[in-house]
Amino acid sequence: MKKCDYCAKEISYFEQYCCDECQKKAIEFYDMREKFTKVFSVINAVCVFAIPIGLFVLSFTAEIGFTMIALATTILGTTVMFLPFPVENMISSMKIKKAVKVTRIIGLALLMLGVILIIADILMFILK
Ligand SMILES: [Zn+2]
């Protein structure tokens, strides 16, 4: 059975979307992805790169390394939450609506982890 490219509802073989609303939302998603894909990739690359560097720095300057990891995780989580662009694989298997939701949840989890790390970082600084 073919499914709506946006909400994954079952549709006939002649359609791509189940309704105009889904088509509108799918176009909005692709427009937004096109507009922000560069910003998203740059922030992602910087943050993903900063985490292993932070781990490396951690081995000789614990405070700076830890702060780097905490900030990179928080920024990465925030970016993924506000610009939830799932990979193509996810879009084709879950369709846009669910893939975006799952990506937002991953972003939120990263953001919460980042916030916990920042709080731990501040506590370590205060209690030292
Ligand atoms: Zn639909």
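**Aromatic pairs and helix packing**

Phe29 is buried, at a relative accessible area of 9% (buried means under 20%, exposed over 50% and partly exposed in between, with a 1.4 Å probe and protein chains only). The model is predicted, so local features need pLDDT of at least 70 and side-chain atom pairs count only at pLDDT 80 or more, while totals for chains, interfaces and linings use all residues. Residues are numbered from 1 along each chain as its sequence is written, and side-chain values use heavy atoms, without hydrogens and water.

The structure contains four aromatic pairs (rings of Phe, Tyr and Trp, the last by its six-membered ring, pair if their centres lie within 6.5 Å; planes under 30 degrees apart count as stacked, over 60 as edge-to-face and the rest as tilted). In one of them, the ring centres of Phe29 and Phe85 are 6.4 Å apart and the planes stand at 70 degrees, so this pair is edge-to-face. Phe29 belongs to helix α1 and Phe85 to the loop between α2 and α3, 56 residues apart, and the pair thus links distant parts of the chain. Phe85 is also buried, at 9% relative accessibility. Phe29, Tyr30, Phe40 and Phe85 are linked by ring pairs into a cluster.

Helices α1 (residues 20-58) and α2 (residues 62-82) pack at about 160 degrees, with axes 8 Å apart (helices are DSSP runs of H or I with at least four residues; axes are lines fitted to C-alpha atoms over the stretch in contact, and angles run from 0 to 180 degrees between N-to-C directions). The two helices, α1 and α2, are therefore roughly antiparallel (angles over 145 degrees).

Conventions. Parallel < 35°, antiparallel > 145°, perpendicular 65-115°, else oblique.
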